[in-house]
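Open the model in your viewer and keep the sequence panel beside it. This tour goes stop by stop: select, look, move on.

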Amino acid sequence: MPQRADTFDVGRLGLAAGEGRRFTLDVAIEPLTFGGETYAAAGGFVTATLDAERTTRGFALRLRYETTLEGPCMRCLEVARRPVAIDAREIDQPGGGEELRSPYLQDELLDVASWARDALALELPHRIVCSEECRGLCPECGANLNQVGPDHRHERAPDPRWAVLRELRFD
Ligand SMILES: [Zn+2]
Ligand SMILES: [Zn+2]
């Protein structure tokens, strides 16, 4: 059984340099907001594989999981689901400068929940659509073009330039 974990104490593993261990963790994922809409991992948590390896001065970490991202289609706002595979890595090497510190590791305590959520947030800008063929919403009336059919059209508002021409008299 995976253990339920939002944080994980990598220091407690007592690894020697070059030694690594793999764990399976159930991690709760808070919903994400993007463009005013809410997106969530199906079920609210994921089962993730964490690889923790001690390096000479710190840790090399890898987090992997698969989930289905659920939320409104970015074209038509109907419910959309997109399978997502996350494979994220972090290096934490104290004394190696800011860029070699992981924001998720503090005093050898790993914030797995934040890491897993941020990694999912990075997937969000990719289009989440109900189907690749989704036709989206009518820009003029907001009708769902998947439902109203391909013949949905509006009379074009008359071009104001024609009105000016009509007022010219050619006699
Ligand atoms: Zn759609
Ligand atoms: Zn319309």
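**Stop 1: Glu19**

Select Glu19: at 38% relative accessibility it counts as partly exposed (buried is under 20% relative accessible area, exposed over 50%, partly exposed in between, with a 1.4 Å probe and protein chains only). Before you go on: this is a predicted model, in which local features need pLDDT of at least 70, side-chain atom pairs count only at pLDDT 80 or more, and totals for chains, interfaces and linings use all residues. Residues are numbered from 1 along each chain as its sequence is written, chains are lettered from A and ligands numbered from 1 in the order in which they are written, and side-chain values use heavy atoms, with hydrogens and water left out.

Glu19 sits in the loop between strand 2 (8–9) and strand 3 (20–28). Helices (H or I, at least four residues) and strands (E, at least two) are DSSP runs, numbered from the N terminus. Now show the backbone nitrogen of Ala16: the side chain of Glu19 reaches this atom at 2.7 Å. Not counting residues up to four places away in sequence, Glu19 touches Gly14, Ala52, Glu53 and Arg54 (contact means heavy atoms within 4.5 Å).

**Stop 2: Asp51**

Go to Asp51 in strand 6 (residues 45–54). Is Asp51 buried or exposed? Asp51 is buried, with a relative accessible area of 16%. Its side chain makes a polar contact with the side chain of Arg64, at 2.7 Å. A polar contact is a pair of N or O atoms within 3.5 Å; within protein, one must be able to donate a hydrogen and the other to accept it, and residues adjacent in sequence count only if both atoms are side-chain atoms. Beyond four places in sequence, the residues in contact with Asp51 include Arg21, Arg22 and Arg62.

**Stop 3: the core**

Select Phe8, Val10, Leu110 and Leu120, the residues with the most contacts inside the largest nonpolar core, which has 40 residues. Such a core is a set of buried Ala, Val, Leu, Ile, Met, Phe, Trp, Tyr and Cys residues joined through side-chain atoms within 4.5 Å. Helix 1 gives the largest share, six residues. Zoom in on Leu120: among its contacts outside its sequence neighbours within four places are Ile29, Tyr65 and Ile86.

**Stop 4: zinc, ligand 1**

Which residues hold the zinc ion (ligand 1)? The protein donors are Cys73, Cys76, Cys130 and Cys134, each through SG, lying 2.3 Å from the ion. Donors are N, O and S atoms within 2.8 Å of the metal (3.2 Å for Na, K and Ca); water is not among the atoms, so sites may look incomplete. Their sequence spacing is C-x2-C-x53-C-x3-C. Cys73, in the loop between strand 7 and strand 8, and Cys134, in the loop between helix 1 and helix 2, are 61 residues apart. Cys73 is buried at 0% relative accessible area, and Cys134 is buried at 6%.

**Stop 5: zinc, ligand 2**

Finish at the zinc ion (ligand 2), coordinated by Cys138 (SG), Cys141 (SG), His152 (NE2) and His154 (NE2), at 1.9 to 2.3 Å. The donors follow the spacing C-x2-C-x10-H-x1-H. Color Cys138 and His154: Cys138 is buried, at 7% relative accessibility, whereas His154 is partly exposed, at 31%.
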